[in-house]
Amino acid sequence: MPSPFLPPARGLYDPRFEHDACGIGFVAQLSAAPSHEILTMALTAVGNMAHRGGIHADGKSGDGAGVLTQIPRAFFARELGRLGSSYPVDDLAVGMVFLPRPGAQRAAARELMAGGLAAHGLTLLGWRPVPVDESALGGRAAELRPVIEQALVGRATPGAGPSGDYERALYLARKTIEAAARAQDLAGFSIPSLSCRTLVYKGLLVAPLLGRFYPDLRDPLYETALAVYHQRYSTNTFPTWERAQPFHMLSHNGEINTLRGNVSWMRAREAAWRQHGPVDCPQPGEPPTGAALGAQVARLGPIIDETGSDSAMLDNVLELVVMGGRDVRHALTMLVPEAWERVPDLDPTWRAFYRYHAGLVEPWDGPAALAFSDGQVVGLALDRNGLRPARYLLTDDGLVLCGSEVGAVPIDEARIVRKGKVGPGQMIAADLRTGQFEENEAIKNRLAARQPYAEWLGGYGRSLSAGSHVSGTEPRESLPLPIHQLQRVFGYTSEELTAVLRPMLDDGQEPLGSMGDDTPLALFANRARPLYGYFKQRFAEVTNPPIDPLREELVMSLSIGLGPRGDLLEESPRHAHLLWLTSPV
């Protein structure tokens, strides 16, 4: 649904072009023992990231800051008692909800919440107004502030089925509610989190004031074993409450430069999913997975909310892949892979893993650092170029800190047993279920060994190398027309021949000029232009160097797979049945 705080497209401004580059990180305790200290350290860290965020002239309205934590069970046991509910707190799910300020719209939003939850076998136990301190907000942020409440949610049968099924039911309920809100054009309504594992507190404020604005975050009963934090820097955008981060599973520092293609591919998948047979509403505790989940979500509406930022769109897809049945580390490695095609000493099993998944999903690429969590695993991954800083440390008592700044939380050096930085394409993670801190090699080894990917590729995949020709045809020994006629057919001008092609042939380099380019866009040209004249290179937009397959051949590739794509949410040998070309040309 459109944000009520963003202006509509006008002139050269298009609200789709919303990007951000920020400060991120996480704090976790490997023993999984929840404590208020973990949250306090996360608030300290994000407060020390204030310089990474934009700030309004009032000194208090920021571009957005927030934290994602586990649900604090002791805290909500007290709140359930205040509601007079006997529902077991260990099975409680909590939704952080931004409600519209007009009373009638707020009432309509509450009705949508109750109806959407009931449709998926869930029960709305009650509403909890979230205490806030308005003095922590600047004038701009206060003017735009939604009504902030928490929906306390349970199941018809507490403890019925695994928590993964519970999470999927909550995910589908949220998607159902959001689709209904779009249909009613219910502006100003959003659900920052709805989960039985995690909870998000965020707002349009500067990071040092996050804990002041939300008194809950200073309550000693608010205990968690992990916390992901985020300070947003909104570049050339209009910051809004719902665009503050973390999102449902992700915090992002950077950009997604491949966004247009990523969104287009997801639209194509939605069309394929909608062609599946009818999907019945899931029974309580039995939500669909795999392709059935994709079909149900696609029927509700767009999987990607294109009114969100590039970070929010990646979060939409990451959440879908995780809810479809994959581990969050697997899902993020698929979506943001490391450079693998032109790395000569890459482990062959890793290469097979990446080749197989390249046939499933295109990379969401750009200069990016990504902190992620599903409430059980928390980690950080870097894009293939490694243009965002990320450092980590592990202490002797199992405390893990990671962030885009060194020293965001003061730690005695004597306690540190391991520290380092996350390199290009690498990932680290803390698995609170096993108590293990995992570095990149361990994560990728486990992912690569999940299935016999190399065997699947050998049995079903084929590669066509450059210079080879398709069976049944022979390469031409001579040109069909004189060279000058071919040049005319393909739109070459005398200026291009002398000023562009000749220097390239003589020097083997791109030609340089200082007179500018006044050639009209191909769309508006009076003369027919060749096909390539309709394409322009897109560069990163936030102080990033131009990147393309010529300048950065180690980390970029033009290879392309031909053939029908397998379902993104499933995995089988047939998914490898593609013909791979080194270039689309």
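Colleague: What makes Asp 431 count as buried?

Modeller: Asp 431 has a relative accessible area of 5%. Buried means under 20%, exposed means over 50%, and partly exposed is in between (1.4 Å probe, protein chains only). Since 5% is under 20%, Asp 431 is buried. Keep in mind that this is a predicted model: local features need pLDDT of at least 70, side-chain atom pairs count only at pLDDT 80 or more, and totals for chains, interfaces and linings use all residues. Residues are numbered from 1 along each chain as its sequence is written, and side-chain values use heavy atoms, with hydrogens and water left out.

Colleague: How do you know that Arg 329 and Asp 431 meet in a salt bridge?

Modeller: Their N to O distance is 3.3 Å. A salt bridge needs a side-chain nitrogen of Lys or Arg within 4 Å of a carboxyl oxygen of Asp or Glu, so this pair qualifies. Arg 329 sits in helix H10 (residues 328-335) and Asp 431 in strand E17 (residues 427-431), so the pair ties together parts that are 102 residues apart in sequence. Arg 329 is buried too, at 3% relative accessibility.

Colleague: And what makes something a helix or a strand?

Modeller: Both are DSSP runs, numbered from the N terminus: helices are H or I runs of at least four residues, strands are E runs of at least two.

Colleague: Which parts does the salt bridge between Asp 216 and Arg 128 tie together?

Modeller: That salt bridge is 2.9 Å from N to O. Asp 216 lies in the loop between helix H6 (210-213) and strand E9 (226-231), while Arg 128 lies in strand E5 (residues 122-129), so the parts tied together are 88 residues apart in sequence. Both Asp 216 and Arg 128 are buried.

Colleague: Why are Arg 418 and Glu 439 called partly exposed?

Modeller: Arg 418 has a relative accessible area of 34%, and Glu 439 has 30%. Each value falls between the two cut-offs, so neither residue is buried or exposed. Salt bridges that share partners also join Arg 78, Glu 79, Arg 82, Arg 128, Asp 216 and Asp 219 into one network. In total, the structure holds 27 salt bridges.

Colleague: Why is helix H8 called mostly covered?

Modeller: Eight of the eleven residues in H8 (residues 290-300) are buried, among them Gly 290, Leu 293 and Val 297. What covers the buried residues includes helix H5 (163-183), helix H7 (259-274) and helix H9 (310-323); contact here means heavy atoms within 4.5 Å. Just after H8, Gly 301 takes a positive phi of about 150°.

Colleague: What makes E19 and E20 edge strands?

Modeller: They belong to an open sheet of three strands in the order E19-E21-E20, with mixed pairing. Strand E19 (462-464) and strand E20 (560-562) each pair on one side only.

Colleague: How do you know that E20 and E21 pair?

Modeller: Two strands pair if DSSP finds at least two bridges between them. E20 and strand E21 (residues 579-581) have three bridges, in the antiparallel sense, so they pair. Leu 562 stands opposite Leu 579 in E21.
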